[in-house]
Amino acid sequence: KFKEMLLTCINLIKQEKLKYTFLMTNLIYQNPTYLVQCIDLFEQAGIKDKLMICTSYDQVGRFHSQIQKDWWWKNVETVLGKGVTLHTEMILTQPLIEAVLEGSLNLSDFLDKGIKISFLNTQGFFNEDAVQTTPKEETMKLLPNFFPKRASFLLFLKAKLEYTLYILHLI
């Protein structure tokens, strides 16, 4: 069924009824065979430039082991090696800001590889039905260090001017 959906997207793009296909994936898997097959479908149709792979990166909670993080980066390299645009969303949480300020996370590693980044506003978690976000107070009980502190956020903006300009562009 998934391949049928992709072929439908390809046909709609060729008929100029659809401009792009955005494929969301977490990229945390050991074997990228299906990912490569998806990309190959667009490449064989001559419209690889109409495909964007979208993923996300979080400093805390996303990767449950170093091997998952390694798989993520390996799959990032697979996507980029196939010449497909990769878009990564990051939530500006306190741990992410701290990692950037401390130097353990270098956003240039993403940008230098050509990975497009969008920074998302910190809002909390979606409830189980994905209908609404959990209130900030409840999120703070679950993850007290989740929301960015004003002082560190301002340091992040000041210290990382290129990211600041990117963030301002998104607003």
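A salt bridge is defined here as a side-chain nitrogen of Lys or Arg within 4 Å of a carboxyl oxygen of Asp or Glu. By that criterion, glutamate 43 forms a salt bridge with lysine 82, the closest N and O atoms being 3.5 Å apart. The structure is a predicted model, in which local features need pLDDT of at least 70, side-chain atom pairs count only at pLDDT 80 or more, and totals for chains, interfaces and linings use all residues. Residues are numbered from 1 along each chain as its sequence is written, and side-chain values use heavy atoms, with hydrogens and water left out.

**Salt bridges**

- A search of the whole structure finds 4 salt bridges.
- Helices (H or I, at least four residues) and strands (E, at least two) are DSSP runs, numbered from the N terminus.
- Lysine 82 also forms a salt bridge with aspartate 40, for which the closest N and O atoms are 2.6 Å apart. This pair links distant parts of the chain, 42 residues apart: aspartate 40 belongs to helix α2 (residues 33–44), and lysine 82 to the loop between α3 and β3 (85–91).
- Asp40, Glu43, Lys48 and Lys82 are linked in a network of salt bridges.
- Buried means under 20% relative accessible area, exposed over 50%, and partly exposed in between, with a 1.4 Å probe and protein chains only.
- Glutamate 77 forms a salt bridge with lysine 113, with the closest N and O atoms 2.8 Å apart. The two residues are 36 residues apart, glutamate 77 in helix α3 and lysine 113 in the loop between α5 (108–111) and β4 (116–120).
- Glutamate 77 is partly exposed at 39% relative accessibility, and lysine 113 is partly exposed with a relative accessible area of 39%.

**Aromatic pairs**

- The whole structure contains 9 aromatic pairs. Rings of Phe, Tyr and Trp (its six-membered ring) pair if their centres lie within 6.5 Å; planes under 30 degrees apart count as stacked, over 60 as edge-to-face and the rest as tilted.
- Tyrosine 57 and tryptophan 72 form an edge-to-face pair, at 5.3 Å centre to centre and 65 degrees between the planes. Tyrosine 57 is in the loop between β2 (51–56) and α3 (66–81), whereas tryptophan 72 is in helix α3, 15 residues apart.
- Phenylalanine 63 and tryptophan 72 also pair edge-to-face, at 6.1 Å centre to centre and 75 degrees between the planes.
- Both tyrosine 57 and tryptophan 72 are buried, tryptophan 72 with a relative accessible area of 0%. Phenylalanine 63 counts as buried at 16%.
- Ring pairs link Tyr57, Phe63, Trp72, Trp73 and Phe110 into a cluster.

- An open sheet of 4 strands has the order β1-β2-β3-β4, with parallel pairing. Two strands pair if DSSP finds at least two bridges between them.
- β1 (21–24) and β4 stand at the edges with a single partner strand each, so one side of each is left without a neighbour in the sheet.
- The twist averages 25 degrees from one strand to the next. Axes are lines fitted to C-alpha atoms, for helices over the stretch in contact (heavy atoms within 4.5 Å), and angles run from 0 to 180 degrees between N-to-C directions.
- β1 and β2 pair in the parallel sense over 4 bridges, and leucine 23 stands opposite isoleucine 53 in β2.
- Helix α2 lies across β1 and β2, running at about 155 degrees to β2.
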